[in-house]
Amino acid sequence: MYASDRSRLQALIERFSQFGATANGGVTRLSLSKEDVSARDCFVEICKELGMDIKTDDMANIYATLPGKKECPPIVIGSHLDSVEKGGRFDGVLGVLTGIEAIRTLKDNNIELEIPLMLVNFTNEEGARFDPAMMSSGVIASKFNREEMLTSSDKNGITFQEALQASGYEGEQENRLTEALAYIELHIEQGPVLAAKDCNIGVVEGVLGMVCYEITVTGESNHAGTTPMSMRKDPMIVASRLISSLHEQLGKIDDKLVFTFGRMNVTPNIHTVIPNKVVFTIDSRHQSPEVMRQVEKVLTGVAAEENGCRIRPVKLWGRDTVFFDEAICDEVEKSCHNFGYSFNRMFSGAGHDAQYIASIIPSAMIFVPSIGGKSHCEEEETEFEDCAKGADVLLRTVLALQTKFSRSTLNQY
Ligand SMILES: [Zn+2]
């Protein structure tokens with residue numbers, strides 16, 4: 001077991017937090033911006049010093065590979081260097097920097113790998129400058145079409161294609177990550193669970209499935225003073241009863257189900273007029289496809305006529321639960337046991353590059369605790385000691401997988 005160098009990792013995190021540093025201790029490092037390119041340059045420089053080969057693909061994803069003794073597909077560690085506007089110093093970048101620390105620790109201990117080890121920086125994970133999020137992992141996993149992505153533009157009208165060309169990091173399509181033995185992404189939790197359970201590490205088994213429905217209740221507008229209560233077709237009253245009823249029905253399905261009535265629009269939204277239309281959304285997430293089916297049954301079942309109003313649900317979008325590779329999750333858990341770190345098996349409620357990469361490469365994630373559960377803000381914080389524990393678990397997992405693959409899969413190479 002090899003422990004990472006705490007102070008070296010802290011210095012590296014602090015060095016990268018200078019790229020796009022904000023006045024309040026956060027970073028603004030939008031994808032392919034000047035600040036992002038500076039961070040990329042620094043990443044490439046460090047990887048070259050470590051003897052790694054650098055390639056980029058047609059989405060400007062950067063691949064740095066430490067050769068192994070065998071010529072075979074690599075084990076991959078990846079995440080993203082870009083951030084949201086006024087984001088934190090850990091989101092994304094930590095998965096790349098703990099990868100660098102893992103390789104430095106290997107060098108410290110004169111360990112030569114059998115299998116190549118690749119570090120990846122995925123372009124535009126946040127989707128903060130160019131919609132959608134997880135754009136480039138999505139393109140290489142065939143979730144998105146590259147030609148369509150090229151036309152996505154930022155708030156200044158600059159297209160992704162223009163930013164890609166100006167960055168100097170646009171490479172060849174043939175360099176895309178297509179084949180690897182495993183993909184591991186370390187990330188901050190971005191939620192309060194690990195800290196609340198006093199755990200060092202999250203063993204992430206997948207990404208929660210979700211659905212988002214929009215429910216429209218249509219009634220009839222009329223004068224707020226002259227229309228007797230018994231003669232109204234008021235969608236606001238119907239909608240509020242419906243929300244209470246859904247809260248009760250969905251609350252009984254499963255303890256771990258989360259759901260949010262996040263948006264409501266009232267028409268015409270005037271205090272002297274009975275509304276004629278109320279539209280609200282419900283976002284719901286859970287790991288079990290069966291639970292999500294029950295949720296959808298409840299939501300599609302609300303279609304009705306009530307008190308003169310019409311209720312109609314429409315599904316806006318959904319995603320199936322992504323399950324990570326069990327064998328890799330088990331190795332992450334064993335790594336926690338080996339170091340004596342407390343851990344929690346969990347699902348991610350947020351999206352990550354790993355959810356798309358999982359469709360082409362066996363994948364898993366490692367979470368480290370977020371202080372106060374805060375993320376996508378300048379107050380985002382993780383203890384440096386927890387970052388180092390994450391790096392320990394990451395390296396031990398890579399070494400365990402390499403031993404396993406060397407014994408089995410590699411006979412074919
Ligand atoms: Zn992230």
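Predicted model: local features only at pLDDT ≥ 70, side-chain atom pairs only at ≥ 80, totals over all residues.
Residues are numbered from 1 along each chain as its sequence is written, and side-chain values use heavy atoms, with hydrogens and water left out.

Let me begin with the metal. The zinc ion is coordinated by H80 through NE2, D91 through OD and H187 through NE2, at 2.0 to 2.2 Å; donors here are N, O and S atoms within 2.8 Å of the metal (3.2 Å for Na, K and Ca), and as water is not among the atoms, sites may look incomplete. Along the chain these donors follow the spacing H-x10-D-x95-H. D91 sits in the loop between β3 (75-79) and α3 (93-108) while H187 belongs to strand β5 (residues 182-188), so this pair ties together parts that are 96 residues apart in sequence. For the element names, helices (H or I, at least four residues) and strands (E, at least two) are DSSP runs, numbered from the N terminus. Both D91 and H187 are buried, where buried means under 20% relative accessible area, exposed means over 50%, and partly exposed lies in between, with a 1.4 Å probe and protein chains only.

Now to helix α2. It has 16 residues and reaches 23 Å from its first C-alpha to its last, close to the 22 Å expected at 1.5 Å a residue, the expected span being 1.5 Å times one less than the number of residues. Which elements do the buried residues of α2 pack against? They pack against α1, β1 (53-56), β2 (62-66), α3, β4 (117-121) and α6 (160-167), with contact meaning heavy atoms within 4.5 Å. Among the buried residues of this helix are V37, F43, V44 and I46. After α2 comes G51, whose phi is positive, near 80°.

In soluble globular proteins, nonpolar side chains tend to be buried together. The largest nonpolar core here has 93 residues, of which F16, F43, I75, L117, L119, L177 and F324 touch the most other members; such a core is a set of buried Ala, Val, Leu, Ile, Met, Phe, Trp, Tyr and Cys residues joined through side-chain atoms within 4.5 Å. Helix α12 (residues 384-407) supplies the largest share of this core, ten residues. Leaving aside neighbours within four places in sequence, I75 is in contact with residues including L117, L181, V398, L401 and F405. Apart from this core lies another, of 25 residues, among them V217, L242, L257 and I282.

On the record side, UniProt, in an unreviewed entry, places the feature "domain: Peptidase M20 dimerisation" at residues 209-306; its positions are given in the numbering used here, feature names are shortened, and annotations may be inferred rather than shown by experiment. Over residues 209-306 the chain is 30% helix and 35% strand, with the end C-alpha atoms 31 Å apart.

Turning to charges, a search of the whole structure finds 27 salt bridges, each a side-chain nitrogen of Lys or Arg within 4 Å of a carboxyl oxygen of Asp or Glu. One of them joins R15 and E45, at 3.9 Å from N to O. R15 lies in helix α1 (residues 6-16) and E45 in helix α2 (residues 34-49), so the pair ties together parts that are 30 residues apart in sequence. R15 is partly exposed at 37% relative accessible area, and E45 is partly exposed at 41%. E147 and R146 form another salt bridge, their closest N and O atoms being 3.9 Å apart; E147 is exposed at 52%, whereas R146 counts as buried at 17%. D58, R146, E147, E170 and R176 are linked in a network of salt bridges.

Finally, the backbone. Most residues other than glycine have a negative phi, and most peptide bonds are trans. A60 has a positive phi, near 65°, and is buried at 0% relative accessible area. N124 has a positive phi near 55° and is buried at 1%.
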